[in-house]
Amino acid sequence: MYLPRLRTRLARFDVPLVCALLLLTGIGLLGAYSTGGEPLLHRQVVRLLVGSGVMVALAHVEPGNYARWAPWFYVATVAALVAVFVVGSSAKGAQRWLAAGGFQFQPAEVAKIATPLMVAAFLAKRGGASRLSVVVGAIAFIALPVLLIGYQPDLGTAVIIAVAGAGLLFIAGMSWRLLAAFGAAGLASLPLAWYGLKDYQRERVVTFLDPDQNPLAGGYQVLQSKIAIGSGGLYGKGWLNGTQSHLDFLPERSTDFVFAVLAEEFGLLGVAVILVLAGIVIFRGLWIAGQSQEPFGRLVAAGLVLSFFLHVFVNVGMVSGLLPVVGLPLPLISYGGTSLVTTMAAFGIVMSMFSHRRLLAD
Amino acid sequence: MSLHPLRRDAMRERRRYRSRVIVGAGLAGAGLLVLFLRAGHLQIVEHEHYTTLSRENRIRVHTIAPARGLVRDRNGVVLARNFSVFSLEIVPEQTGGVDRTLALLHEILTIDEGEEEKFRRQVRQLPGFESIPLKTRLDEREVAVFSVNRHRLPGVDIHTRLVREYPFGEALAHVVGYVGRINADERSRLEGNPHYRATRHIGKTGVEHSWERTLHGYAGLEQVEVDARGRVVRTIDSTDPVPGAEVTLGLDVGLQLRAHAALSGQVGAIVAVDPRDGAVLALASVPSFDPNPLVHGIDRESYAKLVGARHRPMFNRALHGQYSPGSVAKIFLAFAGLDQSLDLALGRVWCGGSYRLPGTTYEYRDWKAGGHGRVGLERGLAESCDVYFYELAYKLGINRIHRYLTRFGLGQPTGVDLPREAPGLVPSREWKLATLGRPWMAGETIISGIGQGYVLSTPLQLASATATVAGRGVRLRPRAAIRIERNGVAEDLPAEDLPPVVASGEGYWTRVIEGMEGVVHAGAGTARRIGEGLTYRIAGKTGTAQVVHQETRTSPDDLESIPWERRDHALFAAFAPVDDPTIAVAVVVEHGGSGSRAAAPIARELIDHHLHGASGEPAPLIAAGAR
């Protein structure tokens, strides 16, 4: 049963997973062209090639290396997050960017990978999340980057890392009792968090709770994106025919709100395709996670897949008016480099755990 | 058979893991389902409602481009301004056929072929909902003709825009630069900057480029109600744009025009700076070009013609031209010799007309056949004795020469607020080995002593280094802009100090400056001709940079007999008045022959203008004539 099989290099990749990932990026290219024409398309194709390269490379790294390097990677990421405050550049009132060797990147994006790796390595070494001391340790590892990112402020990313971390603890076997206790503590601290928010973040929460209060200010974005989605109907208005987005009603149409553009142009059928593909990625990813023989591999893969799900959920939720606007891209589909490359890197790591599943058994 | 306890633990761990993952997968599935139901609710149940809203969606938010800030000279003369023009613009996806629209437009207006080609190119490149200009300068008759036919032309509209204009044309093109249409590359870099959403032009070169963010201003917003075709019916609310700030340059336009004219018919560059604050007083590069047509964009052919024209008018020689400093470098070597307390610098040398490295036979010639006799530092500078500086360079060695030239700011960009400045070159042993793969030769040190060989400098660097001598070691970063005015509030930009050149002994600066004074005022000074009739004192240094290797050179006396492109470059660097310098200037005339004849008189003319021209006093000399 555990006999190692000879595999070709290509067989390291899980075909259903890779196909679903590439189809999602393909949909992203349709969106990029529709919102910005050829220049956007060209740049996104280049980033897609870079992302694919990174994914292939990371899929070939032995899982043991990830476990070994996780602490260093984590420390470097935290250092970069601190550096953002010292030497970073800001956009729209938040300090997020760091320049390195001629190009810019957001350390917060890297933290989305570094944190699950670190927490998984820690939990795997301590034999799961059954003891309180281990849980507290893991929470500390999660809280450090979350607080740094929340302070930038990049609330969306902070929430994603925090919730994905909690999910990781749950999967690692944290007892229901502890779970309930920490959950209650978290809820109790929400009013405190309110005071930590910046004005524009509070305004967003208020807007979310009462969107019609001022349709031209805060609620404008969400109202316009709901109009875009709703007017798309079952079949959509056709590619490149979205009036909402082309008449300039929809803000951030190529990045965070691209889902609304696609829903307007391809209708509920298009939405179904996107969600089914996302579902394939998530379920196939979790199945792959279960194949790994090492607790570390299982936890890392599950954590990264969970983080992907949260992205999709939060982004589509905010664009369709279910959740407040937090400024998160739709992974693989939104126009932008860092998000695409880190998402593909995450799945490269997931596939590494998969491709080495039997080799490790002996 | 019982399993190993560890094995059993692992099994239990796996079982628990599996159950937890199943819970997780279930939650994820439920989450996706919620999203789908939400989309279904909006798209099926509330579809009618949102379709109505979409059709009635009449409130659009327009961005209004800010007016670009003016550029003025130090006396308030406007160097770059804006004027209104009417332009015809088309939103391709609203036209119902670009070809049909163009055919209709051809019937009523004359459309230039180049403009149409450019328009079609942009139609292919830009998304269909962007407004693309077709014809940029409509006169009033054309506006009227269009208005009558407007109903037949959906998606076509007339926009009023502010267009940049440069009243001084080519005289200031290399300082002020120009704005041009934002290209696809620049547009992508501006992605996400809301203030550029309605902006069509961006600074391409010069001050327009380096002060882009300051000159640009902040966009305004306008909420308007539109009809089904996207045409504005009324304005609901608006926030005015904040115009760009005014940038005042240290430049004196009178001096600049004088400098530009002085070079006319020749090829070269002039840079004048104020040694007290680093302000660039004049920066001319000739030949030049008229920046005005470039604002609208000229067709590719004309642009290629302009770039490839004889003597490359688009090339900014003052910033990007890299020339051997020639004998001008002797100023800095003289200081190096004193600062290192070399016996030679403090004493004298015998110049018999040529110099030989110890133990070799090759002769380095002095420019003066027969030599200068016994020469000390001051006379060495005044008469530009090559042999003195061969000897000095030999004693200093290339390492120290490198160190001192670098200290004066050669071989590195000055950091002026003008774009893409060339660094020049100060060679060193390491540089030669790394770049050319060959070791340094002793002879190369010797010719470095007279500013030949690998040493390269820009006219701006020479002016800045001369200003450093004028300030007796105080170094200031040269700067184009000196003041910024936003909403009527002026803010003077501070002068920026650079690491000073500190002399190790007293009187060293005075000796160097006395030597430079001798160039103009001593009986045998190389530029004595410009010293005639001066009411103030100039410290200067001539330079003649060889274009062709020494051996093949003919005597400079029969200049006319040498083909133009084989003649030496002429240089002159100077500052004045000597006791309280207010101007430092560097003049480079390509293939001008000799520094004393071609470059020094120009420097004199400019210094005269600077010291007397502005106050209205007649320039005392020009009449008496250096000729």
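Reader: Hi! Is strand E4 of chain B enclosed or open, and why?
Author: Hello! This is a predicted model, and in it strand E4 (residues 132-138) of chain B is largely enclosed by the rest of the structure, because 6 of its 7 residues are buried. Buried here means under 20% relative accessible area.

Reader: Nice. Which strand does E4(B) pair with, and in what sense?
Author: E4(B) pairs with strand E3 (residues 78-90) of chain B, in the antiparallel sense, over 4 bridges.

Reader: And what is the bridge partner of B:Leu88 in E4(B)?
Author: That would be B:Lys135.

Reader: Switching to cores: which residues touch the most other members in the largest nonpolar one?
Author: A:Leu123, A:Phe259, A:Phe308 and A:Phe347 do, out of 106 residues in that core. Helix H11 (residues 258-291) of chain A gives the most to this core, with 16 residues.

Reader: I'm curious about A:Phe347. What is it in contact with, leaving aside neighbours within four places in sequence?
Author: A:Phe347 is in contact with A:Leu17, A:Leu21, A:Met55, A:Val281, A:Val305 and A:Phe308.

Reader: Which residues does the second core include?
Author: That separate core has 99 residues, among them B:Val469, B:Leu493, B:Ala573 and B:Ala586.

Reader: Back to chain A, then. How many helices and strands are there?
Author: Chain A has 13 helices and 3 strands. Its length is 362 residues, and buried ones make up 53% of them.

Reader: What about its surface, how much of that belongs to carbon and sulfur atoms?
Author: The accessible surface of chain A is about 15000 Å², and carbon and sulfur atoms hold 69% of it.

Definitions and conventions: Residues numbered from 1 in each chain as written. Chains lettered and ligands numbered in written order. Predicted model: local features only at pLDDT ≥ 70, side-chain atom pairs only at ≥ 80, totals over all residues. Heavy atoms only, no water. Core = buried A, V, L, I, M, F, W, Y, C linked by side-chain atoms within 4.5 Å. Buried < 20%, exposed > 50% of the residue type's maximum accessible area, 1.4 Å probe, protein only. Helix = DSSP H or I, 4+ residues; strand = E, 2+ residues; numbered from the N terminus. Contact = heavy atoms within 4.5 Å. Pairing = 2+ DSSP bridges. Areas by Shrake-Rupley, 256 points an atom, 1.4 Å probe, with all protein chains shown as cover.
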